[in-house]
Amino acid sequence: MNSPSAFAMPEALPELRSGHLEVRLAQSQAEIEASQALRYQVFYEECGAHPSDQVASLKRDFDGVDSFCDHLLVIDHSRGPNAIVGTYRFMRREAASRYGTYYTAAEFEIDKLISQPGEVMELGRSCVHKDYRTRPVMQLLWRGIGAYIITHNVALCFGCASFRGTQIEKYREAMAYLYHYHLAPEDFRARPLPSLYQEMNTIPKENVDKKKAMHQLPPLIKGYLRLGGFVGDGAIVDPQFNTVDVCIIVKRELMTERYSNRYTTDLEIA
């Protein structure tokens with residue numbers, strides 16, 4: 001895998017603000033490191049992931065992929081110019097080519113995804129500070145994602161979405177619901193690597209309790225489903241991050257009209 005170049009300023013997004021909150025891309029290495037510190041706080045201190053010695057020492061969640069990605073930030077200007085309260089990581093085709101692969105490929109077979117025509121983008125490392133998990137903040141974050149998709153003419157997004165904890169049996173209803181009602185079409189369906197595969201289809205469709213399943217679904221996965229998103233066939237257990245992961249896939253052409261109207265109106269770029 002090639003080494004990254006020095007920090008390069010990403011193409012700016014349209015201005016997106018709501019009161020004292022702003023969503024934009026990281027503009028310096030220092031801002032990326034601040035987003036990594038937030039990720040550490042959420043993933044390791046709050047959710048029980050297991051850090052390496054170096055990650056624990058620096059109290060930043062980082063890996064080799066970070067330098068090849070664009071980092072979306074939610075900033076609360078009422079707390080200062082660098083008060084990052086939400087973040088997302090984006091990796092497009094060209095960056096994945098320079099890095100050598102996509103992060104998701106360590107868990108899932110994604111050949112069908114990256115063979116799709118047009119720009120393909122991996123979404124990952126999503127987190128929001130516990131004091132900011134509110135509807136306005138999440139709406140602003142989704143607007144940032146929508147702006148990025150429009151700016152870079154992204155045709156397909158994918159990435160890992162997680163359930164907290166490694167006891168997959170706790171989420172049987174949700175897994176079966178996702179399999180029966182939101183399984184991706186075969187031509188762009190991901191699947192866990194054979195050694196990691198965990199069956200999702202453990203309850204017949206007619207026996208799935210939708211209310212219970214929706215209660216088990218994390219808010220992020222519900223958000224993807226509202227976009228018209230799909231899941232791959234099978235889940236994986238990630239002991240390091242203390243999660244159960246599914247592969248989420250969203251095709252821009254299949255996004256719901258509600259999403260297009262709410263988050264991409266007035267963001268179209270000629």
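Biologist: In this predicted model, how many positive and negative side chains does the protein have, and how far apart do the centres of the two sets lie?

Modeller: The predicted model carries 31 positive side chains and 34 negative ones. The centres of these two sets are separated by 5 Å.

Biologist: What is the radius of gyration of the protein, and how many helices and strands does it contain?

Modeller: The protein has nine helices and 10 strands. For 270 residues the globule rule gives 18 Å, and the protein comes close to that value, so it is as compact as a globular protein of that length. Along the principal axes, its C-alpha atoms fill a box of roughly 50 × 45 × 40 Å. The radius of gyration is 18 Å.

Biologist: What share of the residues is buried?

Modeller: A residue counts as buried when its relative accessible area is under 20%. The accessible surface of the protein is about 12700 Å², with 49% of it belonging to carbon and sulfur atoms. Of the 270 residues, the buried share is 52%.

Biologist: Which elements do the buried residues of helix 8 pack against?

Modeller: Helix 8 spans residues 219-226, and its buried residues are Ile 221, Gly 223, Tyr 224 and Leu 225. Just after this helix, Gly 228 takes a positive phi of about 95°. The buried residues of helix 8 pack against strand 4 (84-92), strand 6, helix 5, strand 7 (154-164), helix 6 and strand 10 (243-251).

Biologist: Is Lys 59 buried or partly exposed, and what is its phi?

Modeller: Lys 59 belongs to the loop between helix 2 (53-58) and strand 3 (70-76). Its relative accessible area is 46%, so Lys 59 is partly exposed. Its phi is positive, although the residue is not glycine, and lies near 55°.

Biologist: Is Arg 125 buried or exposed, and what is its phi?

Modeller: Arg 125 is placed in strand 6 (residues 119-128). Its relative accessibility is 13%, so Arg 125 counts as buried. For this residue, which is not glycine, phi is positive and near 50°.

Biologist: Which residues is Asp 66 in contact with, leaving aside its neighbours within four places in sequence?

Modeller: Asp 66 sits in the loop between helix 2 and strand 3. Its relative accessible area is 2%, so Asp 66 is buried. Asp 66 and Glu 33 are 33 residues apart in sequence, and their C-alpha atoms are 9.7 Å apart in space. Leaving aside neighbours within four places, Asp 66 is in contact with Gln 36, Arg 39, Asp 61, His 71 and Arg 89.

Biologist: Which residues does Tyr 40 touch, not counting residues up to four places away in sequence?

Modeller: Tyr 40 is part of helix 1 (residues 29-46). At 7% relative accessibility, this tyrosine counts as buried. Its C-alpha atom and that of Leu 178, 138 residues apart along the chain, are separated by 29 Å. With residues up to four places away not counted, Tyr 40 touches Glu 45, Pro 51, Val 55, Ala 56, Lys 59, Arg 60 and Asp 61.

Biologist: Which residues is His 180 in contact with, beyond its neighbours within four places in sequence?

Modeller: His 180 is found in helix 6 (residues 172-182). Its C-alpha atom is separated by 29 Å from that of Phe 90, which is 90 residues apart from it along the chain. Beyond neighbours within four places, the contacts of His 180 are Asn 201, Ile 203, Pro 204, Lys 205 and Val 208.

Notes:
Residues are numbered from 1 along each chain as its sequence is written. This is a predicted model: local features need pLDDT of at least 70, side-chain atom pairs count only at pLDDT 80 or more; totals for chains, interfaces and linings use all residues. Side-chain values use heavy atoms; hydrogens and water are left out. Helices (H or I, at least four residues) and strands (E, at least two) are DSSP runs, numbered from the N terminus. The radius of gyration is taken over C-alpha atoms; the globule rule is 2.2 Å times the number of residues to the power 0.38. Buried means under 20% relative accessible area, exposed over 50%, partly exposed in between (1.4 Å probe, protein chains only). Accessible areas come from the Shrake-Rupley method with a 1.4 Å probe; for residues, only the protein chains shown count as cover. Lys and Arg count as positive and Asp and Glu as negative; His and the chain ends are not counted. The place of a charge is taken as NZ of Lys, CZ of Arg, CG of Asp or CD of Glu. Contact means heavy atoms within 4.5 Å.
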